[in-house]
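I opened this entry to keep track of what I looked up, one contact surface at a time. My plan was to settle each term before using it.

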Protein chains: 4
Amino acid sequence: MNTSALDFDSPVHLRAVSAPGQPDVTPALEELYRGFEQELLVPLWAEIGDLMPVHPRSKALPHLWRWENLRKLAAQAGEIVPVGRGGERRAIALANPGLGGRPFATPTLWAAIQYLLPGEDAPEHRHTQHAFRFVIEGEGVWTVVDGDPVAMRRGDFLPQAGWNWHAHHNATREPMAWIDGLDIPFQYVIDAQFFELGRDAVSEAEKTTPERSRAERLWGHPGLRPVSAAGSAPGSPLLAYRWEHTNRALADQLALEAEGFAATVEPGHAAVRYTDPATGGDVLPTIRAEMHRVARGAETEPVRETGSSVFAVFDGSGTVTVGGKTWSVARGDLFVVPSWQPFSAKSEAGTTDSDSGALDLFRFSDSPVFEALRLSRTDAAR
Amino acid sequence: MNTSALDFDSPVHLRAVSAPGQPDVTPALEELYRGFEQELLVPLWAEIGDLMPVHPRSKALPHLWRWENLRKLAAQAGEIVPVGRGGERRAIALANPGLGGRPFATPTLWAAIQYLLPGEDAPEHRHTQHAFRFVIEGEGVWTVVDGDPVAMRRGDFLPQAGWNWHAHHNATREPMAWIDGLDIPFQYVIDAQFFELGRDAVSEAEKTTPERSRAERLWGHPGLRPVSAAGSAPGSPLLAYRWEHTNRALADQLALEAEGFAATVEPGHAAVRYTDPATGGDVLPTIRAEMHRVARGAETEPVRETGSSVFAVFDGSGTVTVGGKTWSVARGDLFVVPSWQPFSAKSEAGTTDSDSGALDLFRFSDSPVFEALRLSRTDAAR
Amino acid sequence: MNTSALDFDSPVHLRAVSAPGQPDVTPALEELYRGFEQELLVPLWAEIGDLMPVHPRSKALPHLWRWENLRKLAAQAGEIVPVGRGGERRAIALANPGLGGRPFATPTLWAAIQYLLPGEDAPEHRHTQHAFRFVIEGEGVWTVVDGDPVAMRRGDFLPQAGWNWHAHHNATREPMAWIDGLDIPFQYVIDAQFFELGRDAVSEAEKTTPERSRAERLWGHPGLRPVSAAGSAPGSPLLAYRWEHTNRALADQLALEAEGFAATVEPGHAAVRYTDPATGGDVLPTIRAEMHRVARGAETEPVRETGSSVFAVFDGSGTVTVGGKTWSVARGDLFVVPSWQPFSAKSEAGTTDSDSGALDLFRFSDSPVFEALRLSRTDAAR
Amino acid sequence: MNTSALDFDSPVHLRAVSAPGQPDVTPALEELYRGFEQELLVPLWAEIGDLMPVHPRSKALPHLWRWENLRKLAAQAGEIVPVGRGGERRAIALANPGLGGRPFATPTLWAAIQYLLPGEDAPEHRHTQHAFRFVIEGEGVWTVVDGDPVAMRRGDFLPQAGWNWHAHHNATREPMAWIDGLDIPFQYVIDAQFFELGRDAVSEAEKTTPERSRAERLWGHPGLRPVSAAGSAPGSPLLAYRWEHTNRALADQLALEAEGFAATVEPGHAAVRYTDPATGGDVLPTIRAEMHRVARGAETEPVRETGSSVFAVFDGSGTVTVGGKTWSVARGDLFVVPSWQPFSAKSEAGTTDSDSGALDLFRFSDSPVFEALRLSRTDAAR
């Protein structure tokens, strides 16, 4: 057996080491390992500590991206990178420092800032990856989903279930930036993804700008569904969740709490989940999305959960703690909570006064994957 | 064998008759039938035509009740029948003429007009029967559900899932009448019902009259759910579906149809279903509730379905056809569609002009029972 | 108002009575009641005690039918009542003494003895009513289900989900009797039933008598399903549950209990439920079927449940108690447990020694209806 | 901006290239990319071809491992690698050549050969990873699952849902080898895994060797479930699926096909799926397991599916084609079918005559993940 040749041919590289739980390093063991390499085999005993830890030890790291930096680089890209067929979108993705430079915010989630100049069109395509847009600031872009133009305004959440045609158009005289969330890493790693190109530009009729999309007119009435709808496709048929509703729901919860009724997650911590009105369940099959409000001066209990999350600071200021890291945060900042890392947030008066003093955090996570496969665990971490 | 004695003891009465498919009438057959009676037995061959028809042949009949008569009798009852413990409610139920004088609008559904005088309280109780209220006219009564006062106004739909405490209070200076729907006949026939008395009167605090109930503040935001809610009890946690939302949803559907988009059930026929926001499914486990709008001059296609429905004319005027019967209808009229009887409706300008010229029909049915047990069938009847 | 005419026309008959919770009997009340009758209305306050009891008070009564009497009358019917088109089946149904002489064992369940002479054919038909056969004694009849001949032998349970074609053929030289269970009363009262005639006789090929049906060859392997099967129709695709498997499962449970492991429902009380292998749920959408074994000398705790059951004594002897009634029972006896009536059973050595001394009780009930609609309640009754 | 320092600090490495769909390479673009690297950002346009392909293009490669080589290396490991706490198992995993030397057969599935010497104990532990054992040859090892000893024999499939305690013991005088399948890669990549050590050795009582496990005595009866079982934990409560049942089910399908009835997947291709008897669904939440039989001389149609599979040749010989690769296979050989790679198999007479001439293929896959998240697609590939 020519083991030296093996070192070039096989991607398997095993090194016998003296360690507790490991077999004694002997010539026989070395020969055995060369045999494993040749046959593309890896013994469990050499890897069990990494593969089967006592609890999740994500390679992803807690990390924070500052909105001002993202915004600045996106604007710079706007000047020199055209939007069009091939590149498809001027989207710039967060690359978690623990994930080897790949554009993965977490092992399952993609988060990006997307930027569109006045009059620009991002061409139509569709893909199995589930997606949403969330608007941190600005307005004026229309996403055309299967021919239905959907306006985007600050605070709006716009889900885009897989395999729907969609394109974007900036109808204003200002550039606009927003956050894209997708399950690209998850579908990439399990090899689920399909993609298809659509029209290069949307029609003029689709560039008109109704106040409400057709989806909202059909599905946006509380507790009501159209009898005409079959509604069996995966993902929400409601294409826009407007800030006015989200804000009111959060305010209602805090007011109910003040009146002495159960309504919040914990004292001073209101939260709503975006749901598919056809099922009451998560808005997308692989992505959960929520808005959390930490009232002025309130602080959430540290919690750790299986699955990973990306947070965007929508409004207010405060501090957030993820695992051993603590950051002061302000509008637009994005940060990542890897699986089983404790997370808590505290509202604090910032350098600029916000109306409410509350810290509003938009969150998305891969919880639906964990729940569908019955892998969820949650613990108080304090 | 003393057969004459049997005629007094046994509820089984068999008569041998000469008919196709029936055995020859002989003394031996007569003796056999006496034996059956004595042993409390009934042969299938004598009853199969009734028990196993080619399609549902409901004993319930199509029937119409006029609102003016109901309203008048309810007011008369208001003068002489007190509301209180024992009788519990001043509710007067529709008795389908085919169902033997029992207070069953259909074999599974109860429909009643309930009437409450100024300042009156209907005492608190709870029961496994699922219930709702729908307001044809007036306002000012508050239903207190598990301590949450819920206002009732024209066009509002107020579900009341089983086993929640509830009481009513008329806070105005006017009497008020509304429609009650329950699954009393269904739970009665299958022997499912439990009932418990609560407090004789609600507290003063519960008589305050918020614009929105706590249920609406928690669950009444489109596509959003409170993260704090477990939400596993049967039936909707949303206790009020307001007319402004229902009306807007119906108007949106007709407007979308006019713009050329799929939205309505059929041309000129908009419809919304009241749903449990925690599941997207029916608002109550045994009762489906919907609002239908037949646009000015439109007519629906005759359809027959398994299961029975009760309709209330909410607004407008027109004609409705159930099986072989056709009635001109106006606000508040109630009528019954038995299982597998074809139904259609036509909007017609009435003697008084309504704003829209549309015929608005509130409908409730036992469809969830049929769907849960996979017994649903629907056919176009023309 | 001509009230005397009403007495002829209206099925509603109201009598004003002096009673607690009832309004004072006055001429005004009498006039109001005449108005109700004319308009086909019934006030809740007059009926609430019957309609909304504190717990289920079934009109159905506990009752026992003796097998020897059933068998004798069935044989007598065999002599004088032909089987054929029109009457369809020589089935003789239990008529609960509380249910007005109708052929309803309980408000939802039909139970009958069916009898077929040597060489006789019961013609093919299908219906939406869900059905099963259970064999108390004898063998030799083949049920042909959608062209698949299924042998019937003592102890076998043979489900027949709605809308499958089926016919029976007695291939032996002996008459045979078995028990039929269906949801005829339930589908009758909710008006769900459809019926269709098939061929007058099955083909010669279908009269061959394989040991195992095709259904068993496809679906009768523990924990395995055919990859080829779509399997979305309601009800089990497995058409025969053989006694050898049922018996072994019950014996295994009692043996495990004797070894100190959890396996039985309670000490000395083994039970298996027949399930749809495609779902793990009940074998039929509206009917639950189980076999219970009460070991020699054991006694079950009284339990009351919502929903009604029919029991057939398959083997052994003992006493059973239903509500206030206690009967000694032996092979083939049938009895009824109405909703919320406490039930318990005790195994006792009979006049003839059985092998095991155990009391084997076949049970079927309407529990799936209660569970699907979330109306189930169970309580220990002691 | 000190970009040279960045090259050391950031895991993000972007190279501007001239290519269709990519922006022109200019100094401004280079500077933009340095900014992206500094901020841990990656533009979509640079990666879209890899991340969002037209259809799945798995990094995993079709690959075959020969049983004789696996068996020989496992025996060699038996001589020099002890089994015990720390290493936990003498399991040697397949490392797909496209997955960078990691012990992943596919991106989601782990497959290993495990080897246990006479008298050896693999110590008790539990983990959230779902697992199964499948026996290619030999017998005599007992897996103790939550105190229930389960015998392992050729052809048996033994599922092990997550978080059950388990240990192995070889009670014979011969070494034994079998195949382990787990979802280790999937739970690793999404960070779901928990692990806990149990007892170092099982008790003497647990080393006794019943013919049937307690699980089989409770759950191994076709179409029957114990009434005593709550049965809500994820994964099958049935811990052993015996070869005699699997073999009979496959033989039945081919016999039914020969008689002219629908039973097989396609001509000459029988297949059964191992199911959870409590749900009728997949035996494990994340893993599907099936046995396929390709009859003598038959060939399956090429099919491609989303999701990946591992196959083990259980018996017979033939050729299999995966993507562009074709291999002659014999007993024990293992091979991998990556997502969306066409697969077909052909039965061929081997060098040694098997009884049936059929090719029996055990298959496991990640299909439940795809189905739960509604990501499944299947296409005929010819």
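Before counting anything, I wrote down that a salt bridge is a side-chain nitrogen of Lys or Arg within 4 Å of a carboxyl oxygen of Asp or Glu. I also noted that this is a predicted model, in which local features need pLDDT of at least 70 and side-chain atom pairs count only at pLDDT 80 or more, while totals for chains, interfaces and linings use all residues. Residues are numbered from 1 along each chain as its sequence is written, chains are lettered from A and ligands numbered from 1 in the order in which they are written, and side-chain values use heavy atoms, with hydrogens and water left out.

**Entry 1: chain D against chain A**

With that rule in hand, how many salt bridges are there between chain D and chain A? I found a count of zero. I then looked at contact, which means heavy atoms within 4.5 Å, and saw that 91 residues of chain D are in contact with 92 residues of chain A. Buried area is the accessible area (1.4 Å probe) that two parts lose on being put together, summed over both, and for chain D and chain A this comes to about 7700 Å², with 70% given by carbon and sulfur atoms.

Next came polar contacts, each a pair of N or O atoms within 3.5 Å; within protein, one must be able to donate a hydrogen and the other to accept it, and residues adjacent in sequence count only if both atoms are side-chain atoms. Between chain D and chain A I noted 24 residue pairs in polar contact, both residues being at pLDDT 80 or more.

I recorded that helices (H or I, at least four residues) and strands (E, at least two) are DSSP runs, numbered from the N terminus. The elements of chain D that give two or more residues to the side touching chain A include helix 2 (27-38), helix 4 (67-80) and helix 8 (367-372). I sorted the residues of that side into 55 nonpolar, 23 polar and 13 charged, where Ala, Val, Leu, Ile, Met, Phe, Trp, Tyr, Cys and Pro count as nonpolar, Asp, Glu, Lys and Arg as charged, and the others, Gly among them, as polar.

Two strands pair if DSSP finds at least two bridges between them. Strand 3 (residues 91-94) of chain A pairs with strand 1 of chain D in the antiparallel sense, over three bridges, and A:Ile92 has D:Pro43 as its bridge partner in that strand of chain D.

**Entry 2: how the copies are related**

Copies are superposed by least squares on the C-alpha atoms of residues with pLDDT of at least 70 in both. A rotation of 180 degrees with 0.0 Å of shift along its axis places chain D on chain A, with an RMSD of 0.0 Å, which means the relation is that of a two-fold axis. In chain D, D:Ala372 comes closest to this rotation axis, with its C-alpha at 3.1 Å.

**Entry 3: chain A against chain B**

I counted four salt bridges between chain A and chain B, and one that I looked up joins the side chains of A:Arg217 and B:Glu259 (2.7 Å, N to O). Here 39 residues of chain A are in contact with 39 residues of chain B, and the two chains bury about 3400 Å² between them, 61% of it on carbon and sulfur atoms.

There are 16 residue pairs in polar contact across this interface, both at pLDDT 80 or more. Among the elements of chain A that each supply at least two residues to the side touching chain B are helix 6 (214-219) and helix 7 (243-259), and helix 7 of chain A gives the largest share, nine residues.

Strand 13 of chain A and strand 14 (residues 269-274) of chain B pair in the antiparallel sense over three bridges, and the partner of A:Pro226 in that strand is B:Val272.

**Entry 4: pairs without contact**

No contact joins chain A and chain C, whose closest C-alpha atoms lie 17 Å apart. Chain B and chain D do not touch either, and their nearest C-alpha atoms are 17 Å apart.
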